[in-house]
Amino acid sequence: MRLYNRWAGNPKGTAENPIRCVAQVQVTPFLSAQCQWKRGKGPGERYCGTHASMIARGRLPDVPPLTKERPSATWAARECGGG
Ligand SMILES: [Zn+2]
């Protein structure tokens, strides 16, 4: 779970909304938040269309996937591969 808007006045931050784009947007110079658009595009389908195209152009760093976001097929293949 990613955290957004984490600062001295909000030390716990705001938890990631799992259906929204994972990009962090700057609301004011001192306040950031998770992008409000639905995810479904870009690397790992974690972004909205706007941020997916920004990443494709190299204008936005890709947010690394969380461990639990790895495709479940990868784990299944490892567990079944012992023979
Ligand atoms: Zn976005």
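This is a predicted model: local features need pLDDT of at least 70, side-chain atom pairs count only at pLDDT 80 or more; totals for chains, interfaces and linings use all residues.

Reader: Why does tryptophan 7 count as exposed?

Author: Tryptophan 7 has 10 C-beta neighbours inside 10 Å. The limit for an exposed residue is 12 or fewer, and therefore tryptophan 7 counts as exposed.

Reader: Where in the chain is the place of tryptophan 7?

Author: Tryptophan 7 lies in the loop between β1 (3-4) and β2 (14-15). Its C-alpha is 8.5 Å from that of leucine 31, a residue 24 positions apart from tryptophan 7 in sequence.

Reader: What makes alanine 52 a residue that is buried or exposed?

Author: Alanine 52 has 21 C-beta neighbours inside 10 Å. A buried residue needs 20 or more, so alanine 52 counts as buried. Of the 83 residues of the chain, 13% are in the buried class.

Reader: Which residues does alanine 52 touch?

Author: Leaving aside residues up to four places away in sequence, alanine 52 touches Lys41, Gly42 and Tyr47. Alanine 52 belongs to helix α1, residues 49-56. From lysine 41, alanine 52 is 11 residues apart in sequence, with 5.9 Å from C-alpha to C-alpha.

Reader: What pattern does the chain follow along the sequence?

Author: The pattern is β-β-β-β-α-α, with 4 strands and 2 helices.

How values were computed
Residues are numbered from 1 along each chain as its sequence is written. Two residues are in contact if their C-beta atoms, placed from the backbone, lie within 7 Å.
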